[in-house]
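This report walks through one protein model. It covers confidence, strands, pairing, charges and surface.

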Amino acid sequence: NLKFNLTGATSMEASMKVMDINGREVMSLNQVIIANQIVSLDISSLPTGIYFVKVASSTMSQVVKLVKE
């Protein structure tokens, strides 16, 4: 499982997308996140490789590189 902490002053609706090295979306999740909540994304079904995880809300957007071995 991939776990990350979204810090913020209030709750927010966020979308999380996992894209493969070619930019194809292989997984997505929309969820209301409460401030400082740890979010878990089950990536066990994905094959090994390089992925990019994009987390976005109305106030922020961030992309993180993920290498699954």
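## Terms and confidence

Strands are DSSP runs of E with at least two residues, while helices are runs of H or I with at least four residues; both are numbered from the N terminus. The place of Val53, for example, is in strand β5.

This is a predicted model, in which local features need pLDDT of at least 70, side-chain atom pairs count only at pLDDT 80 or more, and totals for chains, interfaces and linings use all residues. Residues are numbered from 1 along each chain as its sequence is written, and side-chain values use heavy atoms, with hydrogens and water left out. The score pLDDT is the predictor's confidence in each residue, from 0 to 100. The protein has a mean pLDDT of 86. In all, 91% of its residues reach 70 or more. Confidence is lowest in strand β1 (residues 2–6), with a mean of 71. It is highest in β5, at 93. Where pLDDT is low, the predicted coordinates should not be read in detail.

## The sheet

Pairing of two strands requires that DSSP finds at least two bridges between them. Four strands make an open sheet in the order β3-β2-β5-β6, and the pairing is antiparallel. Its edge strands are β3 and β6 (61–68), each of which pairs on one side only. Neighbouring strands of this sheet are turned by 20 degrees against each other on average, direction ignored. For this angle, axes are lines fitted to C-alpha atoms (for helices, over the stretch in contact), and angles run from 0 to 180 degrees between N-to-C directions.

In a regular strand the side chains alternate between the two faces of the sheet.

## Two hairpins

Strand β2 (residues 12–20) pairs with strand β3 (residues 25–33) in the antiparallel sense over eight bridges. Met12 has Ile33 in β3 as its bridge partner. Four residues lie between the strands of this hairpin. There, Gly23 takes a positive phi near 85 degrees.

β5 and β6 form a hairpin, also with four residues between them. These strands run antiparallel and are joined by eight bridges. Gly49 stands opposite Lys68 in β6. Ala56 has Ser61 in β6 as its bridge partner.

## Residues in the strands

Val53, in strand β5, is buried, with a relative accessible area of 5%. The C-alpha atoms of Val53 and Leu66 are 6.9 Å apart, although 13 residues separate them along the chain.

Strand β4 (residues 37–41) holds Gln37. Gln37 is partly exposed, at 25% relative accessible area. Ile38 is also in strand β4. Ile38 is exposed, at 56%. Gln37 and Lys17 are 20 residues apart along the chain, and their C-alpha atoms are separated by 18 Å.

## Salt bridges

Side chains of opposite charge can pair when their charged atoms come close. A salt bridge here is a side-chain nitrogen of Lys or Arg within 4 Å of a carboxyl oxygen of Asp or Glu. How many salt bridges does a search of the whole structure find? The search finds two.

One joins Lys17 to Glu25, with the closest N and O atoms 3.9 Å apart. Lys17 lies in strand β2. Both partners are partly exposed: Lys17 has a relative accessible area of 33%, and Glu25 has 45%. Lys17 and Leu29 are 12 residues apart along the chain, with a C-alpha separation of 6.5 Å.

The other joins Arg24 to Asp20, with the closest N and O atoms 3.0 Å apart. Asp20 is buried, at 12% relative accessible area.

## A nonpolar surface patch

Patches are made of residues with over 30% relative accessible area and no salt bridge; like charges are joined within 9 Å, and nonpolar side chains (Val, Leu, Ile, Met, Phe, Trp, Tyr) within 5 Å. Accessible areas come from the Shrake-Rupley method with a 1.4 Å probe, and for residues only the protein chains shown count as cover.

Which residues form a nonpolar patch on the surface? They are Ile21, Ile50 and Val67. Together they have about 250 Å² of accessible area. Ile50 lies in strand β5 (residues 49–56). Ile50 is partly exposed, with a relative accessible area of 34%.

Notes. Buried means under 20% relative accessible area, exposed over 50%, partly exposed in between (1.4 Å probe, protein chains only).
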